[in-house]
Amino acid sequence: MKNRLTKVLALIGACALTVGCMTGCGNSNNTQSSAESSVESSTVKDTVVENSAAGSSETESSAADSDTELTGSITMIGSTSMEKLANALAETFMEKNPGVTVSAEFVGSSAGIEAVLNQTADIGNSSRNLKDEEKQNGAVENVVAIDGIAVCVDASNTVKDLTKEQLADIYTGKVTNWKDLGGSDTPIVVVGREAGSGTRDAFEELVGVKDACTYANELDSTGAVIAKVASTPGAIGYASLDAVDDSVITVALEGVEATAENIKAGNYFLSRPFVMATNGEIEAQSELVKAWFEFVLGEEGQSVAATLGLITID
Amino acid sequence: MKNETHASVIGNRKNKAVVETVAQIIFTICATFAILAVASITIYMIVSGTPAIFKVGLKEILFSTQWSPAAKTTEPSFGILWVILTSIIGTTLAILIGVPIGILTAVFLAEVAPKKLAAIVKPAVELLAGIPSVVYGLLGIYLLSPLMYKLELAVFKGSGTHQFTGGANLLSAVIVLAIMILPTVINISETAIKAVPSHIKAASLALGASHIQTIFKTILPAAKSGIVTAVVLGVGRAIGEAMAITLVSGGGVNAPLPFNSVRFLTTAIVSEMGYAQGTHRQVLFTIGLVLFAFIMAINIILNKILKGVKDE
């Protein structure tokens, strides 16, 4: 094994030198830089060979490639609320690095963190802060953006503004008719998400109605909530700000409109973090995952988040 | 020549014996696969469904009505009594609505309908069987729910205690389920009715019974066994359905009253599996185990009834 590794190393070294010499035949400026890079790359290869003495030669060669161009794949599993963000980031990243495949599955925050802890995924997407239990198991919380939760009502509703207290009264069943909130005489149909949903968790916590809500409809996806609210007179629901469309009216809370600006300024109280959890610190991850986080937390990744109406991390 | 024949006969016998043995082995292997599948599913359901029973307590799960699995401020509770009752009542109502309609449609197709009309209705019914369940659910949301909401508003006008569901309630789910079991009931019942020997019908008519009398007094009793099979399969479809009713039942864990938002055993698993973790997740597997036990029990009981019918 060791013999073979030395042979491979020698071969790669020789190749690098040859390439260096050949480019060296061009103009003198190039010679300098390519010679430098070949030195750099050979030192990288050295460390790789040392590290992978127990591993196979395949991983070694792919790691050696990553010095110039990233190759390989990143798998993300997690929150359905983060679907738009994760897909947009993945597309941009893959455009930049054609050798990389970023695949994302959207099954739920808890399932995502479980997957990253089982090492079936590189990154676990979570639309809530990690629980202490998850952190103890080694999950590290990397906040990549902040999301606002919008409260929406059907298009015929005349109530345009709710206070935190009114919202709590609606969701705990103290107020059951819109006429008590300055609207028409219509019963309130309380729509929400199922137990365990990140959005529900965030909403109930932020409104202060944890475990006290009486839902008339518990639906299992953001889209279903919007569809139900849009088609039911008197309905009220909550969903990620970036998922709300024109079929429903977004209500202002405490007089503050649910806009990206207001969330950034911190005036709008219904907001939550988007987390890309890793198993151990980012520094301990593979080169590829490190490059991913460099991109996501960098200017480009954050501008992608901004186009989706999320708050950027500064 | 004689030798050759002799040899070939012996060869044939040998070949025959080999073919017999090989065929027997193949059959055994195939049968083992089916048994393995059933056994591994049973074992998996028991292994993954029982930890929560020990953690939470069987009585607490089966006989408590409080379902708040992800509660943080209070002790989480995992009572699924309402969910179990919803599944029982919902399925029973769907069967009570769907089976008579289905059997009468089968009679119509097999006995009463003019041939040309039957040629249109029969393919339509078969097409109904091929529609994916999620489509039934979507139709339920867009057609049934608004109508149900109007009905709900009329029934509970001025009520201070009723929680309005916007048309997503037990009644909607029952109607969708009843429609979904129709094709199964119709197709199998029709086959059973058509399989009744014509001399029985002829004898009944010759004795002076009218067509309708013949249908209800002679043909249907003669086709009883096939019709019971139709009902068994209908029950199976109704109790195991998740996708369609998750869209129209509302999803709240409440007592199974007609206008309440309710949750079935199947939808309870489907709707919370994505985000559940820890004990919550284990309890969802326990719900799966309950559903599994349910379907097993129904199959065994109905098969007994079916055998009883055959023995008559």
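Me: How many salt bridges are counted between chain B and chain A, and what makes a pair of residues a salt bridge?

Reply: The count between the two chains is one, a salt bridge being a side-chain nitrogen of Lys or Arg within 4 Å of a carboxyl oxygen of Asp or Glu. The pair is B:Arg263 and A:Glu218, whose side chains meet at 2.7 Å, N to O, and this value is within the cut-off, so the name applies. This is a predicted model, in which local features need pLDDT of at least 70 and side-chain atom pairs count only at pLDDT 80 or more, while totals for chains, interfaces and linings use all residues. Residues are numbered from 1 along each chain as its sequence is written, chains are lettered from A and ligands numbered from 1 in the order in which they are written, and side-chain values use heavy atoms, with hydrogens and water left out.

Me: How do you know which residues belong to the interface, and how many of them does each chain give?

Reply: Contact means heavy atoms within 4.5 Å, and by that rule 31 residues of chain B are in contact with 36 residues of chain A. The two chains bury about 2,500 Å² between them, 47% of it on carbon and sulfur atoms, where buried area is the accessible area (1.4 Å probe) that two parts lose on being put together, summed over both.

Me: How many residue pairs are in polar contact across this interface, and which helices of chain B supply at least two residues of its side?

Reply: The rule finds seven residue pairs in polar contact, both residues at pLDDT 80 or more. On chain B, α5 (133-155), α11 (265-272) and α12 (279-311) each supply at least two residues of the side that touches chain A, and α5(B) gives the most, with four residues. By class, that side of chain B has 12 nonpolar, 15 polar and four charged residues.

Me: What does the salt bridge of B:Lys201 and B:Glu111 tie together?

Reply: The side chains of this pair meet at 2.9 Å, N to O. B:Lys201 lies in helix α7 (residues 198-206) of chain B and B:Glu111 in helix α3 (residues 81-112), so the pair ties together parts that are 90 residues apart in sequence. B:Lys201 is partly exposed, because its relative accessible area of 26% falls between the two limits, while B:Glu111, at 17%, counts as buried. Elsewhere, salt bridges that share partners join A:Arg200, A:Asp201, A:Glu204, A:Lys210, A:Glu218, B:Arg263 and B:Glu272 into one network.

Me: Which residues of helix α8 of chain B are buried, and what covers them?

Reply: The buried residues of α8 (residues 211-222) are B:Thr214, B:Ile215, B:Thr218, B:Ile219 and B:Leu220, and what covers them includes α3, α6 (170-194), α7 and α9 (224-240) of chain B.

Methods
A polar contact is a pair of N or O atoms within 3.5 Å; within protein, one must be able to donate a hydrogen and the other to accept it, and residues adjacent in sequence count only if both atoms are side-chain atoms. Ala, Val, Leu, Ile, Met, Phe, Trp, Tyr, Cys and Pro count as nonpolar, Asp, Glu, Lys and Arg as charged, and the others, Gly among them, as polar. Buried means under 20% relative accessible area, exposed over 50%, partly exposed in between (1.4 Å probe, protein chains only).
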